Structures are given as structure tokens and as C-alpha cells.
Amino acid sequence: MDGAPEDPQAIVSKVGEPHKERWRRSGKPRAEKLGKSIWGWSCSGLFTAWRNGAPAPRGAAPRYICTYYDVIEYLNISSHSKLHTQILPKTHWKEPMEVMMDFMLIAILSVAEKLQTVTFYFVLSLEWTNTFATWDPRDFCNISKIVLPMDSFWSPPIFILERVNEQKSNLEYIAVTHNGTFNASLPFQVTLTCGLMILKFPFDTQTCNISIASFLYPATDLSMKVKRTPAEMLVNSQSFFLTDGEWKFTNLSINEYMEEIDDGEFPVITYMISMKRRPTLYILNLILPTCALYLLDMAVLFGPSSLEEKVSFQISIILGSSMLAVILNNMLPTSSNEPPIIVLFFLGTFLLMIMAVLDTFFLLHHQHKSLRLGKAFRTVQQGVHPEPAMTTNPGTKHPTEKSQEKLQQTRPCWETPEQDPVLVVLEKVLLYSHFFLSLFFFAVISVKWSS
């Protein structure tokens with residue numbers, strides 16, 4: 001009769017014979033046990049299906065059971081719709097789903113002081129449990145783990161609050177364990193905003209935050225927790241740290257809190273990364289050349305050269321120092337709440353050089369003034385003691401001519417007089433005051449940098 005169910009013994013013989021044949025060819029006790037269990041499970045499931053007039057439920061053992069395809073077919077992934085992978089897999093709607101999180105910093109790629117941004121490369125490991133994706137490894141030749149694309153099942157959506165730019169990775173896979181545990185390791189290359197405090201540049205230490213949240217699910221639906229302590233994450237990150245450039249990764253701390261948005265609380269985990277700048281390059285390129293130029297300026301100021309030569313040397317040194325200031329200006333941000341110490345250092349040395357030039361001009365002015373007063377005083381002395389008049393004689397020179405010859409003979413003596421004692425004292429006062437002011441300035445800058 002058409003439509004009548006087949007005899008259960010016929011169904012058993014059709015499905016069970018292939019498994020029996022495989023068991024006979026294996027010849028191993030383990031295969032014998034596995035073949036018996038599979039044969040019995042297949043017969044029981046098919047008999048139930050024949051008896052109820054319905055297909056076997058999800059979980060019926062496939063015909064070929066020693067491949068990953070069988071596990072995927074058992075999990076019924078191919079029939080999942082896109083909407084199915086977006087639904088939170090909770091067994092009880094009142095209990096929040098727990099997501100364990102682990103962090104590992106791989107590299108500090110760049111730090112832009114002007115833009116106040118930093119680029120990190122790190123790996124974020126997530127672990128959660130989906131009770132709707134489980135299987136018994138004994139039924140699938142002890143296959144206990146499979147790797148699937150990220151969009152095969154639900155995965156927690158991750159938001160990085162400080163992110164301004166990100167390069168997506170193609171390695172978006174999850175490892176699924178037979179007990180429903182999901183593990184995902186997601187690499188991130190992210191550019192983040194970071195408030196860089198450059199007061200002690202280049203001897204500064206910066207702290208940048210990576211705040212990870214999931215604002216699609218409140219704390220009543222999704223709970224995020226750290227998997228390890230900050231000390232363990234720090235040791236693990238330093239062992240895998242790749243870059244050895246300008247910045248040194250020094251410390252890692254974690255802050256867990258709840259963010260209130262629209263009458264809802266959302267869990268947020270903030271990883272605070274501390275990094276210290278290596279200042280050797282800036283010392284060799286900026287600080288030491290500036291100190292060398294200033295020492296040269298002091299040597300010129302205390303040197304035995306004439307005041308006119310000192311002025312020309314000092315102006316040349318100031319021009320060289322201004323070039324270093326232009327280089328520094330291209331590196332530092334355009335605005336800051338407090339000027340960096342290195343800016344004060346450059347500005348102070350520049351002002352001290354300007355003061356040295358002004359001191360030299362002042363001494364030069366005083367020297368020329370004293371020379372003019374000396375000449376005027378000698379002219380007055382010559383007017384008080386005039387030479388006696390002489391009779392005119394054709395063989396003798398005019399008294400005016402004789403007086404001019406006498407002045408020419410005595411001019412070298414008048415042009416190299418003894419130095420004015422007031423000028424000597426004034427020069428020493430200006431030079432030593434400039435020297436002690438320089439020592440005080442450099443001491444203050446050193447204390448500020450070391451504090």
C-alpha cells in the first residue's frame with residue numbers, strides 16, 4: 001500500500017549494515033565498541049523516527065563520523081540565518097552572559113605629539129560559553145574542538161572608546177570546544193586619542209587608555225571580566241613585545257567600572273598602558289648642541305678679543321641656536337596647558353645669549369664714550385698750555401705745521417691710553433653676574449627635569 005511505513009527490521013538492516021561492515025574491517029576493540037554504539041544509536045533513532053512518523057531530531061549520528069564536517073552538520077550551522085548569529089545565546093534571560101577578556105600588547109607603533117594620538121598593536125582574547133553549541137566527543141571520534149569563522153555564531157561586539165582609526169584584520173576565527181566554550185583572539189592595530197603630557201619632554205612618561213565596552217547589551221545581559229591579573233598580563237606582554245624604538249613599555253593597570261547611558265549601565269574595562277620615552281636621540285640632537293653653543297658664547301664673552309669681534313661672534317651663535325629652536329617647534333604640539341621644560345630651556349639660553357650681546361654693546365658704548373671724553377680732556381689741556389709764538393722765517397716751518405707734526409708723533413700714545421678703571425670694574429661685574437645667572441638657570445632646569 002502506498003504511503004505505508006516500512007518494516008522497522010528493514011530500516012535497521014539498511015542503515016546498520018554499512019556500520020557493521022566497517023567494524024568488521026577495522027578489527028580493533030575500540031572500533032568494535034564504537035561500531036556497536038553507533039549501530040545501536042542509529043537503529044534506535046531511526047526506529048523512534050519510524051514509530052513517531054517524524055524525522056530524527058538534531059543530534060542523530062551522521063553516517064560518516066570521523067570528520068569535522070560531521071560536527072558542523074551536527075551543530076546545524078549551515079541552516080543558521082544571519083539573524084540567528086546576532087541573538088545573544090542565553091539559556092535564562094535574567095542571568096547575564098559572562099565574557100572573559102585577556103589583553104596582550106605587542107607593539108607601540110607610533111606616537112604623534114602634535115596630533116595627540118598613539119598607535120598600538122595588541123591582541124584581545126575573548127572567552128564565553130554558548131550552551132546551544134555542544135556535542136559529545138565520543139560520538140565523533142573524540143573530536144573536541146573545531147575552528148569556525150567569526151560569523152558562524154554569536155560573538156560579543158567590541159567598542160574601543162578612544163579609537164580614531166583602525167586597520168581591520170582578516171584573522172577573524174573562533175575556536176569552539178565540545179562543551180560550548182568559545183575562544184576568539186582578535187588582533188587590533190588601532191590609532192587612539194591620548195592626552196600626552198609633554199611637560200618633561202624628552203624625559204617624560206605617558207599613560208594611554210584602551211577602554212573596551214559593549215554598548216549593545218547592558219550589564220543585566222552581558223558581563224565582561226578580566227581573565228588574568230595586571231601583573232600577569234604585563235609579564236606576558238613584555239615577553240612578546242616586538243618594538244625596541246623610542247618608547248619603552250613599563251607598566252599595565254586595569255580599571256573596571258560601569259558607564260551609565262540612557263538609564264542603563266554598561267560594563268567597561270580600561271587598560272592603562274604606561275610607556276617611557278628613551279631620550280638619548282633628543283639629548284644628542286637638541287640639548288647637547290644647545291649647551292655647546294652656549295658654552296661657546298660664554299667663551300667668546302670672557303675671551304681676550306675686542307668688543308667688536310665679540311659682537312659678531314655672538315650674533316652668529318644666536319643664529320645657530322635659532323635653527324635648533326625651529327627643529328623643536330616642529331616636534332612639539334602647538335598648544336599646551338603648560339609649556340614644556342625644554343621650551344623654557346631653549347628660551348632661557350636664547351635670552352642669556354641676547355643678554356651677553358647687550359652686555360657687550362653696553363661695554364663697547366662705554367669704551368667709546370670714555371675715549372671721546374679722554375680726547376676732549378686732552379684737547380682742553382692743550383688749549384690751556386699753548387705753545388709760544390715764533391717769528392716767521394722763510395727757512396723755518398709755520399708753527400701750525402710744526403704743531404701738526406708734533407700731534408702726529410704723539411697720536412699713538414693718545415690712542416692707546418691706559419684702560420679706564422671704571423670700565424674694567426664694570427666689565428667684570430657684568431661678566432660674573434652673567435656667569436652666575438647662567439649657573440642658576442641651568443640648576444633650576446635640571447631640578448625641574450629630575451623632579
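This is a predicted model: local features need pLDDT of at least 70, side-chain atom pairs count only at pLDDT 80 or more; totals for chains, interfaces and linings use all residues.
Residues are classed by relative accessible area, with buried meaning under 20%, exposed over 50% and partly exposed in between (1.4 Å probe, protein chains only). Residues are numbered from 1 along each chain as its sequence is written, and side-chain values use heavy atoms, with hydrogens and water left out.

Tryptophan 154 has a relative accessible area of 3% and is therefore buried. Aromatic pairs were assigned to rings of Phe, Tyr and Trp (its six-membered ring) with centres within 6.5 Å, planes under 30 degrees apart counting as stacked, over 60 as edge-to-face and the rest as tilted. By this rule there are 21 aromatic pairs. The rings of tryptophan 154 and tyrosine 217 form an edge-to-face pair, because their planes stand at 70° with the centres 6.0 Å apart. Tyrosine 217 also counts as buried, at 13% relative accessibility. A cluster connected by ring pairs comprises Phe203, Tyr294, Phe345, Phe346, Phe441, Phe442 and Trp449.

One disulfide (a pair of cysteine sulfur atoms within 2.5 Å) was found in a search of the whole structure. This disulfide joins cysteine 194 and cysteine 208, with 2.0 Å between their sulfur atoms. The torsion about the S-S bond is about -90°, so the disulfide is left-handed. Both cysteine 194 and cysteine 208 are buried, whereas cysteine 291 is partly exposed at 24% relative accessibility.

Secondary structure elements are DSSP runs numbered from the N terminus, helices being H or I of at least four residues and strands E of at least two. Helix H5 (residues 280-302) contains 23 residues and spans 31 Å from its first C-alpha to its last, close to the expected 33 Å, the expected span being 1.5 Å times one less than the number of residues. Among the buried residues of H5 are Tyr282, Leu286, Ile287, Tyr294 and Leu301.
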